[in-house]
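This report describes selected features of one protein model. Please keep the sequence and the structure in view while reading.

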Amino acid sequence: MPHRTAPYETDVAIIGGGLGGIAAALAVCRSGRRAVLTEVTDWLGGQLTSQAVPPDEHPWIEQFGATASYRELREGIRAYYRRAYPLRPEAAASPTLNPGAGRVSKLCHEPRVAVAVIEEMLAPLRSAGLLEVLTEHRPVAVAMAGDRCESVTVRGPDGTDVVVRAPYVLDATETGDLLELGGIEHVTGAEARSEHDEPHAPPVAAPGNQQGVTVCFAVSHHEGEDHRIERPADYDFWRSYRPEFWPGPLLGFLAPDPRTLETTDRRFVPNPDTDPLDVAADQSADAGDKELWGFRRILARRLFTDGAFDSDICLVNWPMNDYWLTPYVDDDPAVVATAEEQARQLSLSLLYWLQTEAPRPNGGTGFPGLRPRGDVTGTVDGLAKAAYVREARRIRAVTTVTEHDVSADLLGSGPLVRKDSVGVGSYRLDLHPSTGGDNYIDVPSMPFEIPLGALLPVRVTNLLPAGKNLGTTHVSNGCFRLHPVEWNVGEVAGALAVHALATGSTPHEVHADPDRFEQFNHRLDRLGVERHWPVVGSY
């Protein structure tokens, strides 16, 4: 992009180009307002693309429980495959086409395809001059004036700083960066049990106790070929590392079942001959994580015409490459850099172990034919561009969603109905092993409604969270952190900024006044934002 030092003046500044940021940009610019959207990597899409994670979704996603624009994204991905890939006729005809036939999701796909669809969705807004996109720009400063955010400074790949000024600022960063930079009240890590009386909260607050991050990677398998990588620098450490709560070495197929914590032996059989059209992805019936190749498979070769692909493509986001030794969300950049590098070394070590030492079903060892697919992830080494972040800084909010609001065991009969609902979501309370030494916490939750109060900071009037940084706790974040919820939060944040500009009301006034809130609801209805659930159960 051309070198620029003059400030950007716009209606809404959206800092962070993950799913929440994309949804916010669509809501803002499709209304006719202008926005600047920034992103740290060179790919828009966050956990879906640069972090390479296929969508984690609830069992009813094909029928209800998502915004209209999120459905547009999902159907755009399917349309891309039907248009550009040589699908078998019966696969192309399926209205619920799952290109990877992965068991984790009803729509497992390659990250590059999502990048292309997102770019397509944004293209007319950019051509209309409504949306300016700055990739490879990270926030480095926030200017505050009392309870207002005046501007955000972002730094480009050449080290040049540029200021973005807007009446409304949305923090759609992966780790809630603007909260720290602007001195905005927030929480990091685990709250004390005494704060919200959550059964799964620790006795003492632990800001450094965060869910582990994962550097995902993609592989295909080519029997008889040798694609072994160089022995990673930290391989000896990771090969011998055995967590206290693990049944064996981390690099191994024995791992806890997240839901029961019982020792479970995973299976790894590349390129099975089963028909991918027979795969049913339903997390409520089967977590799908015991057969590793098919768990997060993102391209199933047998969905396509004979000879089109000589291997499936598998996305590795497994128990064995969750990294939890150092907190990823930290105010010290050196700590963050250490965590990311060690997480990358763990994933490279897992790949090398799979290629050289993993037990084969026939009694041999190693799968040297595993080929890292940097062409799929957009990198040289096949690792994702960025670590998959499950937990961010979270605003101190007008409303904090706690375990009591979502836990099936605590709610009992049905979902909590919110008068200020601005969306819906559903996922198990799924917390991965943490930097505080906690094992999995993975328990049933009720489908939930997203309260507008969780998007409102307790003090600041014009900065809104647009991702995983809304008002949840360390525990309740476990079911709010997934793809369709992040999208819903970002879309509502963008719509709220537009509504505030159009009506001259602040977001807090919209929330506090029933008539103003009802007007905002009409806007959400027009956008196709579902705000309440039909009768469904927990899982």
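What volume does the largest pocket have? In this predicted model, the volume of the largest pocket is about 890 Å³.

## The largest pocket

A total of 37 residues line the largest pocket, and Val40, Arg138, Thr175, Asp177 and Val336 are those that lie nearest its centre. Strand S5 (138-145), helix H5 (177-181) and helix H9 (333-356) are the elements that give two or more residues to this lining.

By class, the lining of the largest pocket comprises 13 nonpolar, 11 polar and 13 charged residues.

## Cavities

The structure also holds 6 cavities of 30 Å³ or more. The largest cavity contains about 310 Å³ of space. Its lining is made up of 25 residues, with Pro258, Asp289, Phe295, Asp430 and His432 nearest the centre. Of the residues in this lining, 9 are nonpolar, 3 are polar and 13 are charged.

The second largest cavity holds about 70 Å³ of space. Among the residues that line this cavity are Glu57, His58, Pro59, Lys106 and Gln283. The lining divides into 4 nonpolar, 3 polar and 3 charged residues.

## An open sheet

Four strands form an open sheet in the order S14-S15-S11-S17, and their pairing is antiparallel. Strand S14 (297-299) and strand S17 (370-372) are the edge strands, each of which pairs on one side only. From one strand to the next, the twist averages 35°.

Strand S14 is joined to strand S15 (residues 313-316) by 2 bridges, and the two strands run antiparallel. Arg297 has Cys314 in S15 as its bridge partner.

Methods: Residues numbered from 1 in each chain as written. Predicted model: local features only at pLDDT ≥ 70, side-chain atom pairs only at ≥ 80, totals over all residues. Heavy atoms only, no water. Pairing = 2+ DSSP bridges. Axes fitted to C-alpha atoms, helices over the stretch in contact; angles between N-to-C directions. 1 Å grid on protein atoms, 1.4 Å probe; cavity = no way out; pocket = protein on both sides within 12 Å on 5 of 7 lines; lining within 4 Å. Points joined across faces, edges and corners; volume = space filled by probe spheres on them. Nonpolar A, V, L, I, M, F, W, Y, C, P; charged D, E, K, R; others polar.
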